[in-house]
Amino acid sequence: MNLETYSASELTQLQPLGEISEYRGELTVRVRREQVLAVLKICRDDLRFEFCTGVSAVHYPQDHGVELHAVYHLLSMTYNRRIRIEAAAPHSDPHMPSGVSIYPTLDWHEREAYDMFGIVFDGHPALTRILMPDDWQGHPQRKDYPLGGVPVEYHGATIAPPDERRSFR
């Protein structure tokens with residue numbers, strides 16, 4: 001959906017939130033990470049984006065100070081349109097507020113972004129690795145992760161019985 005599908009009042013709500021851009025008919029709002037929860041709440045409550053299809057992550061190592069990006073994909077079933085909310089964090093402080101309290105569907109998506117990219121979602125009810133072993137070093141989807149030529153990392157690994165695995169609080 002492009003900007004023409006939004007009313008003037010909706011655009012006035014979106015403009016103070018962050019930088020709005022449109023590319024090939026898709027709308028993206030770039031916000032500071034401190035604003036993510038407020039923006040998600042406005043999108044859900046005021047702009048009728050009832051469903052968050054997930055959060056993905058991107059690693060841009062060349063963007064010093066804002067290398068890790070979290071991208072929230074929202075869907076309005078009422079108006080049949082989509083929007084992306086994007087926030088960035090540096091390698092040195094990869095923290096982002098968790099949106100699970102606003103969109104419960106983010107639960108597993110935030111865990112995957114944490115596991116693969118190392119973005120720590122503060123306030124998540126149970127942020128743990130879900131794809132890689134608990135003791136895995138690094139985040140495989142980052143562009144600086146080594147690609148090949150590494151020894152097999154599961155050699156000699158054992159799997160603990162279910163009752164001895166990690167517990168959730």
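## Lining of the second largest pocket

Three strands, S2 (26-31), S4 (68-76) and S5 (81-89), each supply at least two residues of the lining of the second largest pocket. The model is predicted. S5 gives the largest share of this lining, with four residues.

How big is this pocket in volume? The second largest pocket has a volume of about 150 Å³. Twelve residues line it, and the closest to its centre are Glu-26, Leu-74, Arg-82, Ile-83 and Arg-84. By class, the lining of the second largest pocket divides into four nonpolar, four polar and four charged residues.

| Strand | Residues |
|---|---|
| S2 | 26-31 |
| S4 | 68-76 |
| S5 | 81-89 |

Now the chain as a whole. What elements does the chain hold? There are three helices and seven strands. Read from the N terminus, their order is α-β-β-α-β-β-β-β-α-β.

The chain has 169 residues, and 39% of them count as buried. Among contacts in the chain with a separation of 6 or more, 52% join residues 24 or more positions apart.

Methods
Residues numbered from 1 in each chain as written. Predicted model: local features only at pLDDT ≥ 70, side-chain atom pairs only at ≥ 80, totals over all residues. Heavy atoms only, no water. 1 Å grid on protein atoms, 1.4 Å probe; cavity = no way out; pocket = protein on both sides within 12 Å on 5 of 7 lines; lining within 4 Å. Points joined across faces, edges and corners; volume = space filled by probe spheres on them. Nonpolar A, V, L, I, M, F, W, Y, C, P; charged D, E, K, R; others polar. Buried < 20%, exposed > 50% of the residue type's maximum accessible area, 1.4 Å probe, protein only. Contact = heavy atoms within 4.5 Å.
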